[in-house]
Amino acid sequence: MKLCLHAPDRRRLDLLRASDDLRLDEAPWAAGLGEVSRLYFGVGFCQHLLPPAIDCVAAAEWATERGWGFTFVTGYVTDAFLARTMECVDALVEAGAPDLEVVVDDWGVLRAVRDRHPEVGLVLGRGLNRQVRDPRVPDVGPEHLGGDEPPTSWGGSSLGSAAFVALMRRMGVARAEADVPLQGLNAGESGLPTAVHLPYGMVASGRICMVSAYGKPPSTRFVPPLACDAPCRDVTLTLRAPWSRRDEGAEALPVAEGAFIPLTKLLNRRRNALPEPETDPAPRFLQKGNTHFYELEGDRLDAALAWARAEESVDRVVVEVDLPM
């Protein structure tokens, strides 16, 4: 098991560089995983957070100084940002980034990197590895389906499909990234070495960004921004899953045998105030810019680590000291 650190941008890279213990004191659960061997740099969820090429090279140089490998994390992009992404990859190749890999969350980026730099390692990103990541699933699923446990298929991913994995190999993908969802993960026997990101997992991402819409007129509020000054750097929202079987009385929810209840009826029970977590067991999740995340804590984080150690296909843990945006 190899330990990797992720820095989304230059500011947090500088925090890592200034810390003798590499901020693992903020993630003590990772201290027992061994020595750090690789740096992940970049954001996989928003093209407007693409770091400039000069920052990518600076991150790679620091990785070189420490004897680490380097992985450049890219997101899903429009044509203009595809060109900017490739400028970063070109700069990293020219600078001789150590054991260079590129995490791809966009088919266009995958093809461009493969065709221009076939020597660079291609890694299937979390956005292209489909999983059931909704933090409400462990609570709603069994009642909705009339069972006691979530279906095993909800713990799967794209890597469980032999045809998908074969396609990835033909396209030159050598590795994959995954989250450990709250209901657990069945990695399958894909044969692709896999890295899991902890303790934050991605729920969903999209080009419409509520945070960037703050203060804008209705005509431009909820359209994909052409440019963005990244207010998400300073704003994180904590959200509550609006229904939980652990809420008082939830176990008595009347469901006729064999009946189908739309999830919207169960999930959209809104409250005007966010209860204190000490008195309210409903799942929380986090919004950073255009992306929702969940955080594994306590027993769930311990279980994820134990699973990662035991799973043959998992050979890396990527430590997210902060939300990866």
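**Contacts and the overall count**

I started with contacts, meaning heavy atoms within 4.5 Å. Residues 24 or more positions apart make up 76% of the contacts in the protein with a separation of 6 or more. This is a predicted model, so I kept in mind that local features need pLDDT of at least 70 and side-chain atom pairs count only at pLDDT 80 or more, while totals for chains, interfaces and linings use all residues. Residue numbers start from 1 along each chain as its sequence is written, and side-chain values use heavy atoms, with hydrogens and water left out.

Next I looked up burial, where buried is under 20% relative accessible area, exposed is over 50% and partly exposed is in between (1.4 Å probe, protein chains only). Of the 325 residues of the protein, 52% count as buried. For secondary structure I noted 9 helices and 12 strands. These are DSSP runs numbered from the N terminus: helices are H or I with at least four residues, strands are E with at least two.

I then traced the strands, calling two of them paired if DSSP finds at least two bridges between them. A closed barrel of 8 strands goes β1-β2-β3-β4-β5-β6-β7-β12, and its pairing is parallel. From one strand to the next the twist averages 30°. My angles run from 0 to 180 degrees between N-to-C directions, with axes as lines fitted to C-alpha atoms, for helices over the stretch in contact.

I also checked what packs on this sheet. Helix α9 (residues 298–310) does, touching β7 (194–198) and β12 (314–319). The direction of α9 makes about 165° with that of β7.

Strands β4 (residues 101–104) and β5 (residues 121–124) run parallel and are joined by 4 bridges. V102 has L122 in β5 opposite.

Between β9 and strand β10 (residues 284–288), which run antiparallel, I found 4 bridges. T238 faces L286 in β10.

**α3 against α4**

Which residues meet where α3 and α4 pack? From α3 they are L82, T85, M86, V89 and D90; from α4 they are G108, V109, A112, V113 and R116. By class, the contact residues divide into 6 nonpolar, 2 polar and 2 charged. For these classes, Ala, Val, Leu, Ile, Met, Phe, Trp, Tyr, Cys and Pro count as nonpolar, Asp, Glu, Lys and Arg as charged, and the others, Gly among them, as polar.

The geometry went down next. Helix α3 (residues 79–95) and helix α4 (residues 107–116) pack at about 40°, their axes 11 Å apart. The crossing is right-handed; that means the near helix is turned clockwise from the far one by less than a right angle, left-handed being anticlockwise.

**Aromatic pairs**

I searched the whole structure for aromatic pairs and got 2. Rings of Phe, Tyr and Trp (its six-membered ring) pair if their centres lie within 6.5 Å; planes under 30 degrees apart are stacked, over 60 edge-to-face and the rest tilted.

F45 and F293 have ring centres 5.3 Å apart and planes at 85°, so I logged the pair as edge-to-face. F45 sits in the loop between β2 (36–42) and α2 (53–66) and F293 in strand β11 (residues 291–295), so the pair ties together parts 248 residues apart in sequence. Both F45 and F293 are buried.

W62 and W68 also make an edge-to-face pair, 5.2 Å centre to centre with 75° between the planes. I looked up accessibility here too: W62 is buried at 5%, and W68 is buried at 7%.

Where is the cis peptide bond? A cis bond joins L198 and P199, with omega about 0°. P199 is in the loop between β7 and β8 (200–205).

D99 has phi near 45° and lies in the loop between α3 and β4. A230 has phi of about 55° and is in the loop between α7 (218–221) and β9 (237–240).

Are these two buried or exposed? D99 counts as exposed at 55% relative accessibility, whereas A230 counts as buried at 13%.
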